[in-house]
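I'm going through this two-chain structure and jotting down what I look up as I go. The entries follow the order in which I got curious.

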Amino acid sequence: MTVESVFPRLEALLPHVQKPIQYVGGELNSTVKDWDACDVRWALMYPDAYEVGLPNQGTMILYEVLNEREGVLAERSYSVWPDLEALMRERGVPQFTVDAHRPIKAFDVFGLSFSTELGYTNMLTALDLAGIPLNAADRTMDDPVVLAGGHAAFNPEPIADFIDAAVIGDGEQAVLDITDIVRAWKAEGRPGGRDELLLRLAKTGGVYIPRFYDVEYLPDGRIGRVVPNRPGVPWRVSKHTVMDLDEWPYPKQPLVPLAETVHERMSVEIFRGCTRGCRFCQAGMITRPVRERSITGIGEMVERGLKATGFEEVGLLSLSSADHSEIADVTKGLADRYAEDKIGLSLPSTRVDAFNIDLANELSRNGRRSGLTFAPEGGSERIRKVINKMVSEEDLINTVATAYGNGWRQVKLYFMCGLPTETDEDVLQIGEMAKNVIAKGREVTGTNDIRCTVSIGGFVPKPHTPFQWAPQLSAEATDERLTKLRDSIRGDRKFGKNIGFRYHDGKPGIVEGLLSRGDRRLGAVIRAVYEGGGRFDGWREHFSYDRWMAAAEKGLTGTGVDVDWYTTRERTYEEVLPWDHLDSGLDKDWLWEDWQDALEEVEVEDCRWTPCFDCGVCPQMDTHIQVGPTGKKLLPLTVVNN
Amino acid sequence: MQRIRLRYTKRGRLRFTSHRDFQRAFERALRRSAVPMAYSAGFTPHPKVSYANAAPTGTASEAEYLEIGLAVTRDPEALRRQLDESLPPGLDITDAVEARTSNFVERLEASEWLLRLPGVEPEQAERAAAVFLAAEAVEVQRMTKNGLRTFDARGAVAALELLPEGTAQVGIGDDTLTDGAGDVRTGAPCAILRLVVRHATPAVRPDDVLSGLRSTADLAPPVPAEVTRLAQGPLDEQTGTVTDPLALDRAAAEVGR
């Protein structure tokens, strides 16, 4: 059955909307396969605007991995802005893919990647526009399997009503395994309908099917237990881990959009996972163990990617890029190789020590030295021990002294507010640190023209981290603390004018916190927000705190719990957490011990260089961390004759 | 430094490319195909590219022009093929001539446009065109960066006429560029107008002429008009036609051979 393109109908709407180019597809390196020649068809959505979604590495990787397979097709979809949504509703144009403009409902699997919980309302918009029932229970054989992935999927309970399935961890192999199951089921003539397909997926132990689990609540509102409700469904679902990154050199042909997007560069993931052990960092915890891409693998991906895209900048991505065991050779090798081609290199994640300045110098060899960014995360020595960010103020000051000495003129510092055990004093220390940085800069350079920008985000406790039990600081307390800091900075005559101060108010963090550690009872809240017009919750101009609070009041009526219960309440050891049946590999007892260590201000080293701390991941996966050095060099490529 | 003038298109769905989007795409294509560009001097060197007179976002074009500076001399036709292959279908490089003359931008005196008006009866469009042309001046309004502006759309119009039905479709109607889905325009009437506009200040765009047709002759197309620039270049006032702006360079290149 051939599926018609909705493009002719969409085209008539495009002259009336902002930035129509984002809806037409046709990006360099995009793929349109023959619909009828494929028997398993995926629609992959990043539920945010095109400009944010297109550069997303996860979506790009899965798109390519699936399309490389014979008989498998994958197309991409992004959230449409409200101007187009209104026109689509008026004219009955369904949610579409940008590749061949096929309606989402026609696909076998509708996969959504959630980097953050703030994309949930956008998923509901897309489902509704697609003509797919919002509640998974109402779907029929005509509807695709709605599958969630991405970091937010490590606690998919708040969207359990709306999704058919969730996968946690690395997607590369997982999407191929799911494809095989869907293919076999279709080839057999779809025996047992949707239920049978979902059951087959559940039985693998690697796909979570919310409807196959019942959640029982205690009289006080806490969860009693989560129980599989049919035979063959495992008690816990495990995460997927790809061990050898060199076997998965994706994206090989990165997409190059015509429209402007948030990251205009060729990105190469140089390693996955992180064992620094920062206790607030969900990404670091759920992506363990560390797996490095080899220096030669990186070199090949950069070369091939630049040829395929024409980008002018290469981003070396990971959670802490300077930690790659051969990072010095990688950066020097790439800077040498592309010295003539005006290719810029960037290392987005940074560590505070002098080694980093050498790297930064290498990266900016041909360009200007404007700004360096560091993330001490906490203002006081004490709070940095709590969060296990092992940086002393002395380290930081020495680092910036070197930076200023090397010609850098501006330093940006990232912090969090609302960390566990935090007091006003810890936050006021942020200002002191900025002043010390500027004082040192003036001393080293002999000029007063030194800037330091302080950027502060609110801390949100996340599942699968040692802080999953921690109380979140209320929006009011966050705002109050940040106001005190702002006043102390602005009031300083000597340094105040040289310190930039950027912060977000505490309200969006409360909604993020509600969804992060939420459970199935939040489904009614998310739905009410969507029905009340909630869209693009990650965008300040679209986000409405009041809408969320009103929906929560209504949606949680009769449950005995409220927003504070989910956010500012501290959990106990005994409490069953909504995500306990999703196995990230981390041992819950280890997380609890690390939480206790945090409260006692005890630090934990990085297991790449010290003995194992038994976080549980490696034995559970029957593996160990994979780091170099390989000892290989990134040899200069032979010059290709034109 | 060798300078080469290129003619390019914005066809099919890629007519929604804005000029900024095109610039980025073109400069990436230059990198992918390793064109030996000349770079500007200064702290952040840029490849030497100058763009002339870009068509508005959403209008298709068969006749956009730009000029690039090369550090190494290249055969224009080989360069054209190389760049065309590196750009997505729809953004096509259709002509390349070595720049041998100056004042190229001044030679772009006028544009010839094709206006497809689906759902409009040809006779109705013909009558409206006659009313528009008979007017001394046609005041129209357009939102600009500096607010709502009122200006005359009639003075710049050198020709406005109905073309016979079934006139070859170019630009927008190119089926190969719309997912191969074909065209939904079946059965319904469709008027096709040919418009020649002098480049003046303030610039009069096809949209302005369409709003002039609406205000003077009540011509209100039910769906957005599909607009394609067919040519830009020197205007032959006698015949009301637009000629090839690269002709002088071509002739000079022949002589130089």
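**Chain B, two domains.** I started with the distance between the domain centres: in this predicted model, the C-alpha centres of domain 1 and domain 2 of chain B are 26 Å apart. The bounds I used are 2-99 for domain 1 of chain B and 108-242 for domain 2 of chain B. Next I looked at how the two touch, and found 16 residues of domain 1 of chain B in contact with 15 residues of domain 2 of chain B. Which strand gives the largest share of the domain 1 side in chain B? That turned out to be strand 3 (residues 60-70) of chain B, with 4 residues. By class, I noted 7 nonpolar, 5 polar and 4 charged residues on the side of domain 1 of chain B that touches domain 2 of chain B.

**R74 of chain B.** I then picked R74(B), which sits in the loop between strand 3 and helix 2 (76-86) of chain B. Why is R74(B) classed as partly exposed? I find 19 other C-beta atoms within 10 Å of R74(B), and because a residue needs 20 or more to be buried and 12 or fewer to be exposed, a count in between gives partly exposed. Leaving out residues up to four places away in sequence, R74(B) touches Q2(B) and L79(B). I also checked R74(B) against I192(B): they are 118 residues apart in sequence, and their C-alpha atoms are 41 Å apart in space.

**Where A meets B.** How many residues does each chain bring to the contact? I get 25 residues from chain A and 24 residues from chain B. On the chain A side, the elements giving two or more residues are helix 1 (7-11) and helix 9 of chain A. I sorted that chain A side by class and got 14 nonpolar, 6 polar and 5 charged residues.

**Three-stranded sheet, chain A.** Helix 9 made me look at what lies under it. Helix 9 (residues 295-309) of chain A lies across strand 9 and strand 12 of chain A, at about 160° to strand 9 of chain A. Those strands belong to an open sheet of 3 strands in the order 9-12-13 (chain A), with parallel pairing. Strand 9 (266-269) and strand 13 (344-346) of chain A each have a single partner strand, so one side of each has no neighbour in the sheet. Strand 12 (residues 313-317) and strand 13 of chain A pair over 3 bridges, and I marked G344(A) in strand 13 as the bridge partner of E313(A).

**Five-stranded sheet, chain A.** Another open sheet, also parallel in its pairing, has 5 strands in the order 2-1-3-4-5 (chain A). Which strands are at the edges? They are strand 2 (72-79) and strand 5 (165-166) of chain A, each pairing on one side only. Strand 1 (residues 40-49) of chain A pairs with strand 2 of chain A over 8 bridges, and L44(A) has R76(A) as its bridge partner. Helix 5 of chain A lies across strand 1, strand 2 and strand 3 (109-113) of chain A, at about 130° to strand 1 of chain A. Helix 6 (residues 172-187) of chain A lies across strand 1, strand 2 and strand 3 of chain A, at about 135° to strand 1 of chain A.

**Helix 17, chain A.** After helix 17 of chain A comes G533(A), with a positive phi near 105°.

**Hairpin, chain A.** Strand 6 (residues 213-217) and strand 7 (residues 223-228) of chain A run antiparallel, joined by 5 bridges. D214(A) has V227(A) as its bridge partner. There are 5 residues between the strands, and G221(A) has a positive phi near 100°.

**Cores.** Last, I looked at the largest nonpolar core, of 200 residues; among the members touching the most others are F110(A), L147(A) and I163(A). Beyond four places in sequence, the contacts of L147(A) include V109(A), F110(A), I163(A) and V167(A). A second, separate core has 35 residues, including L115(B) and A231(B).

Definitions and conventions. Residues numbered from 1 in each chain as written. Chains lettered and ligands numbered in written order. Predicted model: local features only at pLDDT ≥ 70, side-chain atom pairs only at ≥ 80, totals over all residues. Pairing = 2+ DSSP bridges. Contact = placed C-beta atoms within 7 Å. Axes fitted to C-alpha atoms, helices over the stretch in contact; angles between N-to-C directions. Nonpolar A, V, L, I, M, F, W, Y, C, P; charged D, E, K, R; others polar. Domains from an automatic or database assignment. Core = buried A, V, L, I, M, F, W, Y, C linked by C-beta atoms within 7 Å.
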